[in-house]
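This briefing concerns charged side-chain pairs. Please consult the sequence and the structure shown here alongside the points that follow.

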Amino acid sequence: MTTSLRCGSGLLVACLLTSAQAAEYSPDQFLFGDWNGARTRLHEAGVDLQFTYVNELARNTQGGDDHTGTYADQLMFDAALDLDRLLGWSGAGLHFTLTNRNGENLNAEADLGVLLQPQEIYGYGSATRLVQLYYQQALLDDRLLVKLGRLPMSGDIYPFACPFQNLGFCGTVPGYITSNWYTWPISQWGATARYQLNEAWSLQTAIYQVNPRFTERSQRLNFGSPSGTTGYHAVAELGWTPTVAGQPGAYRLGLWRNTGDFEDLYRDSSGLPLSLSGASAAEHDQGTGGYLMAEQQVWQSAAVPARRLKLFANFIQSDPDVTYIERVWQVGGMLSAPFASRPNDELGLGLGRLEINDDARRRLREQGDPVPDVEYPAELYYRVALTPALSLTPNIQYFHRPGGFDEDKDVVVVGLKTVVSF
């Protein structure tokens with residue numbers, strides 16, 4: 001029932017980094033600037049280095065067992081090497097990422113009972129971990145991009161951004177509700193391939209090693225592979241990036257199959273209810289699921305071009321035989337430059353619905369335990385861009401029917417997310 005509480009954050013590199021590697025390079029995007037010209041010289045030679053610090057404060061003000069506060073943080077070192085500039089290898093690159101995490105989980109400290117934690121940066125313990133070490137190659141006139149190496153099961157698939165602090169509105173959400181799907185900062189050996197079919201359509205596939213041992217503290221800096229591989233995790237994703245009424249959009253349909261080890265939520269190996277037989281749960285050798293993602297800009301101000309309104313809607317369907325949270329629904333929007341004098345600020349709202357699996361509910365009912373149903377999380381944030389390198393994001397999170405229990409008092413959490421790029 002608490003699978004989601006032990007899942008790590010799906011915080012993506014693309015969400016943590018400022019636009020230094022995603023847009024035109026500028027040393028102004030870093031708190032420490034140009035390092036007396038060294039950073040620009042490295043960039044021109046094909047080396048981009050960055051440290052990013054994320055801190056998330058959260059305090060429970062209503063619901064749960066304790067009105068207390070916690071913090072969680074992450075320091076990330078990221079290195080991107082352009083091997084074309086460095087070695088003359090056309091279309092080639094190398095990417096390396098380490099993270100160090102610390103802090104506490106408010107969900108556990110205040111016993112909130114919510115399904116996905118209020119601090120997405122918390123997960124997999126206080127440790128320094130290897131998150132990425134992969135080689136990438138662009139082929140076929142840059143229409144095909146291939147990555148090989150150590151990868152988290154996030155970033156390339158279900159690439160939902162991380163402006164929110166609630167885990168349910170950040171990163172690779174399917175991985176937080178699905179066993180054997182190990183997201184950031186856990187990495188494993190894998191490969192991805194993305195092919196641009198035409199200007200609007202793309203097809204992406206990914207396959208990852210499934211090895212629960214990579215979550216162990218002893219494996220945090222293991223550049224190899226420990227024993228214990230149980231299968232593979234494969235994803236296929238179709239992408240569409242249309243222009244609707246002059247506004248850009250991004251739509252994705254994804255399907256996954258995971259051949260790790262799973263336990264049935266309701267039945268034993270003989271097909272009898274676990275609550276009646278008392279036997280061990282039936283074993284499954286795979287778990288499947290799918291998702292739909294939609295992001296659409298619907299408006300841009302003529303008077304203030306930086307002011308844009310983007311809406312999103314996501315749906316996740318996980319395997320009903322093995323997944324406690326079976327379905328996730330999300331809708332929301334982000335308004336950039338809400339004030340003309342603050343062109344880099346952003347206002348965002350996310351609303352969610354998390355549905356408990358019917359088999360899990362049936363088992364609890366037969367055992368005489370309280371039976372949850374649906375939880376409704378929400379978050380409202382305002383990101384203040386103090387400089388291109390520093391932002392503060394106060395937020396308020398609201399959980400109706402925490403854990404899916406109608407009789408539990410609604411939870412209200414106030415938070416503050418700080419992101420600094422060095």
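The points below cover salt bridges and the accessibility of their partners.

The model is predicted, so local features need pLDDT of at least 70 and side-chain atom pairs count only at pLDDT 80 or more, while totals for chains, interfaces and linings use all residues. Residues are numbered from 1 along each chain as its sequence is written, and side-chain values use heavy atoms, with hydrogens and water left out.

**Salt bridges in total**
- The structure contains 18 salt bridges, a salt bridge being a side-chain nitrogen of Lys or Arg within 4 Å of a carboxyl oxygen of Asp or Glu.
- Side chains of opposite charge can pair when their charged atoms come close.

**A pair across the sequence**
- D359 and R267 form a salt bridge, with their closest N and O atoms 3.4 Å apart.
- Because D359 lies in helix α7 (residues 358-367) and R267 in strand β11 (residues 262-268), this pair ties together parts 92 residues apart in sequence; helices (H or I, at least four residues) and strands (E, at least two) are DSSP runs, numbered from the N terminus.
- D359 is buried at 10% relative accessibility, whereas R267 is partly exposed at 30%; buried means under 20% relative accessible area, exposed over 50%, and partly exposed in between (1.4 Å probe, protein chains only).

**Two further pairs**
- R342 and D345 form a salt bridge with their closest N and O atoms 2.9 Å apart; R342 is partly exposed at 28%, and D345 is buried at 2%.
- R213 and E216 meet in a salt bridge at 3.4 Å, N to O; R213 is partly exposed at 28%, and E216 is partly exposed at 32%.

**A network**
- Salt bridges link D358, R361, D373, R401 and D406 in a network.
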